[in-house]
Amino acid sequence: MNSFEYAIATTIQEAVEMLSTHRGETEILAGGTDLLSLMKNFVVTPKRVVSLKGIRELRGITASPEGLRIGSMVTLEELHEHPAVHGEYHSLAHAAGSVPSLQIRNMGTVGGDLCQRPRCWYFRNGFGLLATDEKDQPLVPAGDNRYHAIFGHPGGRPGAYYVHASSLAPALITLGALLKISGPRGNRDVPIAKFFIRPTKASEHENVLLANEIITEIFIPAESKGLRTATYEVRQKEALDWPLATASVALRMTGNKVKTAQIVLGHVAPVPWPALDAERDLVGQPITEIIASRAGESAVRGARPLNGNKYKVQLARVAVKRALLAAVAERKPMAFAQDKEGMRHG
Amino acid sequence: MASEKWPEAGKRSLIGKRFTRLDGPWKSSGRAKYTYDVKRDGMLHGKLVFSPYAHAKIVSIDTSGVEKMPGVKAIHVITGAGKEVQYQGHEILAIAAETEEQARDAARAVKIEFEQLPHFVVDAPPEKAGERARPLAEQTTGNPDEGFKAAEVISEGTYGSPVITHCCLESHGQVAEWEGDNLRVWASTQNVSGISNEISEGLKNSGVEVPASNVQILTPVMGGGFGSKFGADTWGVACAALAKKAGRPVKMMLERDQELMAAGSRPSIYAKVRVGAKKDGTLTAWWSESWGTGGFGPGGGNPILPYIFTRVPNRRSHHTRVETNTGPARAWRAPNHPQMCVITMSAMEDLAAKLEMDPLDFFLKNLEFVVPERAEAYRQELLKGAEMIDWKKKWHPRGDKTPGPVKRGLGLSLHTWGGGGHPSNCNCTIRPDGSVEVFLGSQDLGTGTRTVIAIVAAETLGLPLNAVKVNIGDSKYPPSGASGGSTTVGGVSASTRRATTKALNELLERVAPTLGAEPDKLEAKDGTIRVIDDPSKNIPWKQACAKLGATPINASGQRVPRGADELISSGVGGIQMAEVSVDTETGIVKIEKMVAVQDCGLIINQKTAESQVFGALIMGVTYALYEEKLMDEATGRVLNADMEFYKLAGIGDVGNFAVHFMSGPGYDERGPIGLGEPPVVSPGAAISNAVANAIGARVPTIPITPDKVLAALEQKGGAA
Amino acid sequence: MSKRKSDEQKGISRRSFLKTTGAAVSAGVVSGAAADLLKAQAAAQSKFAGPGEVPISLRINGAARSLSVEPRMTLLDALRDRLDLTGAKKVCDRGTCGACTVVLDGKAVYSCTMLAIEGQGHEILTIEGLAPEGELHPISAAFVENDAQQCGFCTPGFVMACKAFLDKNPNPTEEQVKHGLGGNLCRCGTYIGVRAAVVDAAARMKGGR
């Protein structure tokens with residue numbers, strides 16, 4: 001890790017002022033679980049690190065008639081355990097609690113989860129966000145891409161091949177969450193679905209956040225109450241490991257029929273990947289094994305696997321199916337352990 | 001006189017019982033000081049500069065700016081300008097500075113000009129390896145062509161195991177401190193008695209003359225080796241050289257990425273196999289064309305195929321070594337055996353499936369082709385294992401036909417290992433106050449060696465375990481061999497038994513007059529010296545020792561330096577069975593249960609013996625399902641030189657285990673035989689066979705990852 | 001070089017300006033850990049520290065420890081290199097293996113992915129603080145009894161993760177242990193012993209064994 005100046009803000013305004021307008025010069029320190037590793041690998045080398053730990057407004061979860069407000073510095077464990085989250089937003093509670101390390105859940109924050117950098121091993125080994133060789137050609141298509149994107153990549157041309165690693169984003173997108181962002185020119189709200197972008201140049205970033213902007217809170221509007229939601233994660237290991245594919249679903253049901261469906265895949269594309277065809281197909285249908293399977297099929301239609309990750313198409317398909325079935329399954333009262341157990345079997 | 005022979009079953013006070021390890025409290029309270037934890041006055045921190053390239057020539061090294069950087073105290077070049085580096089992680093130079101951060105800053109500031117050279121890093125078959133392929137001699141026995149003609153069923157397949165690493169939790173490294181002409185080195189090593197010489201030799205190249213006898217190695221505890229820590233390594237020598245130059249102690253531990261790149265890997269072995277049998281399952285012929293890489297240099301073994309069934313009458317095997325620009329191979333727990341095992345047992349099980357035979361029956365039938373002295377033990381072990389896992393009830397022909405995506409399967413495997421005992425010397429001192437110490441230049445890698453030594457010594461002297469102080473981990477103690485090849489327990493048990501028996505006999509002579517009996521009519525038991533035929537005539541240990549006056553007893557014992565030693569033996573066998581469940585929609589494999597049946601001669605400590613087997617099974621699950629060192633051809637880099645993508649099993653990833661030791665008559669009299677290696681051989685094969693049984697298709701290579709499981713299912717045309 | 005410097009000035013607001021605005025913030029509006037953090041910062045009279053060494057104060061095992069660190073020093077390195085508390089181990093150094101686990105305000109955290117300077121204002125418990133030297137905490141004792149250790153390098157981290165886990169789940173089943181301790185890795189393969197040890201430790205802690 002290079003040496004840096006440490007700055008601790010006590011207000012949002014102050015934090016914004018401490019940040020540089022130039023990406024890379026300053027970094028925001030939230031839980032630190034990703035940033036410190038990036039700095040140790042010299043993937044990021046900020047001159048100043050701005051800690052958000054002293055900003056009280058960024059903490060806490062509050063439920064109101066308008067919706068649920070989640071401070072960006074809320075930890076994954078706090079999110080997982082909060083009664084309002086557990087009670088109403090099963091897919092989100094589950095996504096937060098399924099990170100299989102108590103330590104990461106205790107340290108990692110909601111904002112940090114959304115802003116974490118790709119786990120692409122070329123990126124982490126210093127080949128840049130777009131993982132290119134010295135001739136600016138992409139390394140991923142002909143390299144080891146077993147964990148890379150099957151959707152939304154530029155198909156051999158330079159661009160983003162990594163998968164977005166956020167555990168929470170797919171669930172938050174299905175819940176229609178808004179991100180409250182503060183910057184030098186004040187505040188703005190960004191629907192989380194519009195937050196993630198696919199960079200096409202090495203100088204670009206994975207989201208719309210400017211270098212001196214901060215996510216202050218995540219807001220789930222009250223309209224998202226009463227949905228049947230679930231997250232399913234395909235994980236090879238039960239110990240700390242990245243999922244191979246995930247799906248979060250949120251269903252508005254009329255009787256046993258789907259009125260509206262939101263389905264977002266994780267770990268399959270450089271951004272959380274909405275399964276629009278599957279969402280459409282489900283409208284008016286009951287969720288049965290067959291319908292859920294068909295939705296899985298629709299969800300992966302158009303997948304473009306690379307030479308080493310065809311298997312992820314199947315995993316995405318299954319994740320969608322199992323998430324849908326889990327969303328409509330009768331649920332036991334939420335005790336921590338039962339939830340973990342239920343998660344395993346989807 | 002007391003006999004050095006191992007006591008018979010009824011006469012053992014301690015041997016074979018369950019003891020918690022002696023250094024357990026030290027470790028579990030966080031107070032144990034590993035090499036990584038050593039802190040000396042004025043200690044500097046060392047960092048290595050290593051090659052980012054898989055193959056390059058070093059054109060120039062410029063450290064001029066670095067020397068003036070804050071805190072930098074010494075620089076030592078390992079691989080100088082004009083030389084080639086042969087893999088990413090190849091060490092080039094070392095820097096010592098006041099703090100670790102300063103040393104790292106300095107290491108990054110060194111300017112090295114490289115001329116990049118063509119590299120070859122992937123684990124490719126010989127036909128794609130060009131001049132990197134080095135064919136070895138073909139081995140032929142009998143008449144393979146006739147053997148295959150005689151076969152009524154022939155099975156063919158390709159199997160294998162990739163390069164994996166050691167990933168010791170305590171990375172390689174040392175602390176070096178000079179005191180005048182003497183060098184003291186705390187080293188995370190498996191070879192306390194062996195590396196002084198290597199450091200002494202290595203330092204000569206830096207113009208530092210220090211006789212090996214002036215180099216003391218200290219390893220009170222160490223954080224895992226698994227075969228990767230036998231040598232001083234270039235960084236060990238560099239650390240001592242830096243300490244000399246700086247005139248201050250230096251600690252230099254490898255960072256995790258360096259450890260995974262350079263400090264140890266297990267060679268890959270793949271093979272195309274053809275194996276034939278009669279309809280009744282009797283093997284008639286074996287053919288294999290194998291290859292693999294041990295990285296840069298001559299590492300990577302010549303596998304002996306088929307494994308275990310070495311007496312199949314007609315066989316031909318041929319191996320090609322492929323040299324790659326990757327970190328050199330080091331011995332990895334049971335070198336070559338896990339790879340040979342997964343190839344052989346997979347091929348055999350595929351043949352059994354083709355024969356529509358229960359593999360248990362198939363393997364039992366073919367025990368005629370294993371070395372005759374082990375055949376009966378294997379038979380008993382297979383039957384015992386089958387009982388433990390309920391094989392006959394649970395086994396089904398290939399492909400679990402029960403509904404639902406999750407399929408269950410059973411698999412088994414056989415393995416062998418040598419053991420024996422490494423050279424070992426032990427000194428035993430009995431003092432007039434009754435205190436007892438033993439000294440051995442051995443080491444405890446976490447296997448429980450320290451505790452084993454104490455048990456043997458206390459058993460011999462008729463004392464409780466805590467009455468013996470065990471001194472190991474110091475090269476100033478009588479030399480013992482490196483801890484490798486499962487030779488430690490044999491070596492140290494033999495030397496300790498002899499030293500303590502000798503010491504006891506001296507004591508018996510001194511006490512005999514008091515008890516009015518000849519020394520050979522006396523024994524040490526229950527904290528007394530007593531008359532064998534009349535235990536009521538006895539004298540407590542302390543009083544007996546008081547007879548020594550002012551002079552302690554000191555006796556030395558040795559494992560017989562060369563060849564056989566009647567206290568110990570070599571050659572064990574074991575079998576393992578695995579029950580797995582496979583989610584056929586995701587390809588994810590979970591271990592439900594594994595049973596291990598193992599012989600290891602006389603068990604000294606039942607508790608740590610079990611732990612060795614459990615640990616081996618877990619390491620086996622890990623390499624069967626997760627581990628692979630991934631190389632990138634375009635960049636020549638290790639893609640997963642971290643613990644995030646170099647995946648190890650966690651506590652929830654291993655199933656339930658049961659272990660049974662073959663012990664008692666026929667086993668115990670062989671004396672203790674090492675257990676570090678044998679049980680780590682079979683898990684890959686047993687799990688692979690269980691997966692094949694579950695899904696009805698072979699996943700040809702380990703690790704058995706979801707992509708491969710799904711591919712195998714797709715190839716066979718769908719679900720199990 | 002000159003270009004880079006001008007960028008720097010343009011990019012990062014100048015410190016002097018920030019110090020002024022920072023001073024307007026009252027510590028009275030915050031509470032808990034944040035307040036402590038601020039208090040610690042207030043002592044340094046600045047919201048900025050480094051990049052050189054700065055004095056910090058950590059509460060470790062119930063005692064205040066003053067030391068001087070660069071902001072880039074991790075809590076793990078500070079514990080090990082500066083305070084000679086070497087129970088927490090450096091293994092992956094990337095927040096993956098758990099060998100560096102300490103308990104911070106009652107919660108298990110990876111000390112390798114936390115800056116030492118951010119440890120201020122928290123109660124930090126390391127394995128050395130579990131029991132006085134020469135005594136064994138019930139969890140450590142259960143690890144010994146169940147042979148939940150071989151080389152022992154992962155053990156202190158496991159013990160500390162267990163401590164936080166058991167404080168929250170005083171009656172765990174082995175199944176819960178499997179899910180609750182996924183953030184710690186062992187290479188020797190001691191998980192069978194660890195599972196038993198955690199269940200055993202729970203009993204010991206309740207029964208005061």
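Tutor: Start with the cut-off: two residues are in contact if their C-beta atoms, placed from the backbone, lie within 7 Å. Keep in mind that this is a predicted model.

Student: How many residues does the contact take from chain B and from chain A?

Tutor: Count each side by that 7 Å rule. Chain A gives 20 residues, and chain B gives 23.

Student: Which helix supplies the largest share of the side of chain B that touches chain A?

Tutor: By class, that side of chain B has 10 nonpolar, 7 polar and 6 charged residues. The largest share is 3 residues. They come from residues 706-716 of chain B, helix α17.

Student: Now chains C and B. Which element gives the most to the side of chain C that touches chain B?

Tutor: Here 51 residues of chain C are in contact with 47 residues of chain B. The elements of chain C that give two or more residues to its side are α4, α5, α6, α7 and α8. The top contribution is 5 residues, from α8(C).

Student: How many residues of that side of chain C are nonpolar, polar and charged?

Tutor: Sort the side of chain C that touches chain B by class. Charged residues number 16 and polar ones 13. The nonpolar count is 22.

Student: Is α12(B) mostly covered or mostly open?

Tutor: Helix α12 of chain B runs over residues 449-461. A residue is buried if 20 or more other C-beta atoms lie within 10 Å of its own. By that cut-off 13 of the 13 residues are buried, so α12(B) is mostly covered.

Student: What span does α12(B) reach from its first C-alpha to its last?

Tutor: The helix has 13 residues. At 1.5 Å a residue, 18 Å is expected. The model comes close to that, at 18 Å.

Methods:
Residues numbered from 1 in each chain as written. Chains lettered and ligands numbered in written order. Predicted model: local features only at pLDDT ≥ 70, side-chain atom pairs only at ≥ 80, totals over all residues. Helix = DSSP H or I, 4+ residues; strand = E, 2+ residues; numbered from the N terminus. Expected span 1.5 Å × (residues − 1). Buried ≥ 20, exposed ≤ 12 C-beta atoms within 10 Å, placed from the backbone. Nonpolar A, V, L, I, M, F, W, Y, C, P; charged D, E, K, R; others polar.
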